[in-house]
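This briefing is intended to be read alongside the sequence and the coordinates.

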Amino acid sequence: MERSGRVSYLKKHRWSTTGAVLLSVALLATACGDDDDDVATPVTDATSAAVTTTEATAAATTTAPPTTDTTTGGEPATTAVTVPTPATFPAAAQFADLERIDAPSPCPEIPGVSDDTIKVGMIVPQSGLRATSFATSEIGVRARIDKANDEGELGARTIELVAIDDASDAARNSEVARTLVEGENVYGIIEISDQSDGSADYLNENQIPVAGWHVGRPHWGQQNNFFALRLPGAAEPEANHTTRTGEVLKELGATKVATVGGGNQSSASFVGRENKSIEAAGLEVVYTSTEIQPGQTEFTAIVDRIKDSGADGLLTGVDFLQNTALVKQLSDAGVELNAVLFPGGYDPRVLAIEGIEGASFGLEFYPFEATPTPPAFIEFDTWMPEDGTRNQVNYIGWLSAEMFIQGIKEAGVECPTREAFINNLRLIEDYTANGAFDPIDLISTFGAPFPCTYYVRVEEGKFVPLFDGKAKCGEPLTIE
Amino acid sequence: MWPYVIGGLVLAGVYSIATLGLILTYTSSRVFNFAHGAIAFFLAIFFHWLAVDHGWNPKLAGAFVVLVCAPLFGLFLWWALFRRLTEATSTIRLVSTIGLWVALPAIGRILFVGREEIFDRTGVGPTPAASWIRVAGTVIDSDEFLVLLVSVVVAVSMTIVLRYTPYGLQVRATVDSPRMAGISGINTNVVSAGSWMIGTTLAGAAGVLLAPLKGYQELNFTPLVLAMFAAAVIARFHSLVMGVVGCLLIGMTQSFIPSKWVRDDFLYRVLPDQSQDVLISKLPDSVPFILLLIFLLCYRGVDRERFAVDTRAAATDGPPPTARDLDGWRRFRTPAILILIVLLAPVPLAGRWEAIIAKGLAVGIAFLSYTIVAGEGGMVSLCQVAFAGIGGAMTAQLATNDSWTWLPQVNGLLAIFLAALIVVPFGLLVALPSLRLGELYLAMATLAFAVLTQNLFFQSASINNFDGGVKVPRPHVFGVDFKGDTPFYYLLVVLFVLAAILVMNVKRSTTGLNLAATRSSEIATATLGISVVRNRLIAFGVSSFLAAFAGGLSVTYVGIALPAREFDALIGVVWLAIAVTWGVRSVAGALLAGLSFALFPQIFAEFEWFILVLFGLIMLGIRSNVRRVVVQRIALALWALFWLGAFLVWNGNLSEVPLIADSIREIPTTLFGLGAIGLAKEPRGIVYDVAHRSRAGRAERAARRSAGPSSADEPEMVMP
């Protein structure tokens, strides 16, 4: 109850324009790790190779289906994005015999569920340097929950959200999860943090439903109670990837690429994988660094080296403040780049920043600028607080809550047992988050690297969808 | 080349502005202000609050904060705290400003930041920084230019003021000899207050200039703090010129380390391949303390005398308590009650609270290490947290054989013990060179050790694992499986009791008695032929063992060893504040410190009304302890407000009170910081204070009953 006061505090925005920009935007490259990169590669093992040839090529050449009507029904058959069959991915094998569970009768007592409320926890870094990348997702989560509560989506019950800070610290994350489950007695958790590993085993052992953003952490593609908002990423990201990033950079006009990341695991392994992707696309990685510290915005030495390397393309895996600082310092030093690709940071407020022209952003849903505007975005816009920005981080929050609410519905709003949530939600074959992206089969994509994602570029001070607003796909890539 | 030179000059500029203030205040009052960087941070976020939250013109806000508020704030701090410290013992002088260091940023965040981090970079100049000048093809942006300009202005005007003005003459006279200056008719108080005002102004200027460059998080100010401390040591705490030279040295080194010439051509060849990147990227942050240690060792040979001279300080911390021990069963009453509470806690508190108390017990063992090193040894150590962190990291490596495969893999419990033993030589290594140099240098050296351990060891890939840490399994010993929380909880209780017995025995041992004698008078003790250094080394060794043991237990309990986050050097500063707040002379103090470190943040987060309860208690405490009627009435009024607040809680409205909602996360830290500051008044901590009062009261009552006034004069001592 106390925490409901947080909405008001979130509304009062204190950031200056620019800062603000950075701020919430600051999405994360860290995180980026997740959508972009993890989204990577199907086909890891030799066994899968056979299956994939056709699909992979299909995936590689095709983009997502023309998404004119993006509500739920993009039939998997027509969507080129369709992923290989469950058998392809070892992680998904655990769901081979999964069958729908009906609500028990009489309904047992369910932790966190009372006659009129369902208590849901949220773990998100609200403090510390990495908060830039995650904190404002809470606004999106609350907006989606407000919608559900207002429209009575869950029958007689409403959702009560308890958000706790994990400060992006694995040990804290573990404590916080315990607090939510044992102290607050929540039904399930919405988690948007790069340190979700901290509590993963605990939440899995207790079979607590978790929905959220995987931020490149592989356990989202390994443990059955974790539901990534779109795709969980590869169960073995170090082994499986995709050529997508390399191809995107190539199409944007890069030949020699500098890659910059650092800080946490997601970011460092992101850079490692993308280097392979870039090389696979026939480009050259001329400079790579994974040493950037959280909060660092002074890049003299890195700019110096990028200049010396003769790079004409840049890919980063750092947060938005750092991206913008780096771009500015590069331009101050007279470095001209054909292609600048940020895996996150898609936010209208970045448009005001000097030197952002020509930069491209990856995102895991259709661009907001898609025409006609998908109904999902109209809803999002309606329910977001008026003074809240509509950006990638907020929408990631919204999508995480969307997935969680979907889970409760699948479990049956009358008697949503945790078991039924985890079991039935996984059985969805054409999940689109109400039309925010192309349909996903939650079982066959489980633990699978995924080849497709969406891109926008800043042109004349506006975001313009790349590749006609369709998903850009890459070929599977096995990393030795 | 030029970009690095300019980058280095900018860093050196900010450092110098702050360092000059730090040295000036130290020389004029003999109080080393550990909170100097905290003041810079406080004033910077105050500036941000005015300029961004309240829409002031940034230039006006900057001028107002630096030229008006900062001097007044300095005057206030001098009046409220620093002037009292001048005559206090050196330990209290250190610990009180360390308390301010802990409390001030937390108070600042409550007042000016709230619950959202500040991520913008608004500064006095244009935002974002404009590219104003080009030197040799390198852009100097507006923020950097301002730093360079202000640092030159400050350096020049300080020189003029100190050399050519009457005030300067007075300051120099006071620095050379306060007594002589006083005899010659100089009001040293005025001089001291003046220099504190100037010092705070310089801190404010550094803060307001630094924030747009680095950001408004406290973390971004840490490099400034460390550089200042190192520069102050290089300046031997008195030479302004050497201070500036030190800053230039630090700034330039930091700037050039990542360059091709230093890193590619030198460091990459010298350092081992593994985790090279991490080490090198953390090297700039480590530079100040590497230089500090080098200079410390050099200076030691040059003139040891200078360090020891501190004529103003009284040598002891008050008369030794003249109390007799409690007799009979009473001796065991308090410990028995505490143990009973701890033993029974898991029954009603199964699950999460049990886990939190367990963590408190583990940390409590680390706080026991302060009982030895600070309580008995009278030394201010800021690196117990580093010992705990090393203990934790080594435990993880021994128990899992994770990345250091050459280590033998051993059972979890044995791993903790072995890890603690491994840490002992480190403890001795830190203490050995600095023990003779005096308390301030010991504090600096231990802080240096903690920071370097943090940067160069905890951050290395095999320990930190990119912030993921190393997972540690719970042990299985003697047929007992400690995987469950409750068995491990009781294991912790047993181990805490064992550690407490160890500590009490050390106190009673010859070494303990020697330490007590040293605390009373170092010179007298040495005259008796007792080796002061040897005894202090033993104390350091035992305390490092305890801290490391606690670290191992803590990571085993949490299940993840992530010392870079859990045992950060600055957390060690908070530890010290908590430990001294409760009292470093007793086992009960350590237990309460551990429990409150783990419990308070959780309690405040969970039960907002606890803030009101605490507030009520504090007001009641003031009412019954302060003699002045006005203060009593104010406390009474606030106490009434407390009930009004309680009424609000009853209605569930408390979270609507913005200050309360914003401050929950900061309150525990604030309290501990303030507690440490409060030591200026009661040096023995809360446990002593409370126990002393209750026993004194009892003795008084007993005396009244027996009608003989004679038996009441002797105050009793608290804990054994």
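Two strands are taken to pair if DSSP finds at least two bridges between them; strands (E, at least two residues) and helices (H or I, at least four residues) are DSSP runs, numbered from the N terminus. The structure is a predicted model, in which local features need pLDDT of at least 70, side-chain atom pairs count only at pLDDT 80 or more, and totals for chains, interfaces and linings use all residues. Residues are numbered from 1 along each chain as its sequence is written, while chains are lettered from A and ligands numbered from 1 in the order in which they are written.

**Chain A: overall**

- Chain A contains 15 helices and 15 strands.
- Of its 480 residues, 65% are buried (20 or more other C-beta atoms within 10 Å of the residue's own; 12 or fewer is exposed, in between is partly exposed, and C-beta atoms are placed from the backbone).
- Among the contacts of chain A with a separation of 6 or more, 76% join residues 24 or more positions apart; a contact requires C-beta atoms, placed from the backbone, to lie within 7 Å.

**Chain A: the parallel sheet**

- Five strands of chain A form an open sheet with parallel pairing, in the order β2-β1-β3-β4-β5.
- The edges are β2 (158–165) and β5 (226–228) of chain A, each with a single partner strand, so one side of each has no neighbour in the sheet.
- On average, neighbouring strands of this sheet are turned by 25° against each other, direction ignored.
- Strand β4 (residues 210–213) of chain A pairs with β5(A) in the parallel sense over 3 bridges, and Ala211(A) stands opposite Phe227(A) in β5(A).

**Chain A: helix α9**

- In helix α9 (residues 244–252) of chain A, 7 of the 9 residues are buried, including Arg244(A), Glu247(A) and Leu252(A).

- Strand β1 (residues 131–135) of chain B pairs with β2(B) in the antiparallel sense over 4 bridges, and Ile133(B) has Ile140(B) as its bridge partner in β2(B).
- The two strands β1(B) and β2(B) form a hairpin with 2 residues between them, and Ala136(B) in the turn has a positive phi of about 50°.
- Helix α5 (residues 142–164) of chain B has 23 residues and should span 33 Å at 1.5 Å a residue, which agrees with the 32 Å between its end C-alpha atoms; the expected span is 1.5 Å times one less than the number of residues.
- Buried residues of α5(B) include Asp143(B), Leu146(B), Val150(B) and Met158(B), and what covers the buried residues includes α1 (2–29), β2 (138–141), α8 (188–214) and α10 (240–256) of chain B.

**Chain B: a helix pair**

- The axes of helix α15 (residues 352–376) and helix α23 (residues 532–558) of chain B come within 8 Å and cross at roughly 170°; axes are lines fitted to C-alpha atoms, for helices over the stretch in contact, and angles run from 0 to 180 degrees between N-to-C directions.
- That crossing makes α15(B) roughly antiparallel to α23(B) (over 145 degrees; under 35 is roughly parallel, 65 to 115 roughly perpendicular and the rest oblique).

**Chain B: Ala577**

- Ala577(B) lies in helix α25 (residues 569–582) of chain B and counts as buried because it has 27 C-beta neighbours inside 10 Å.
- Not counting residues up to four places away in sequence, Ala577(B) touches residues including Ile98(B), Val102(B) and Phe672(B).

Notes
Two residues are in contact if their C-beta atoms, placed from the backbone, lie within 7 Å.
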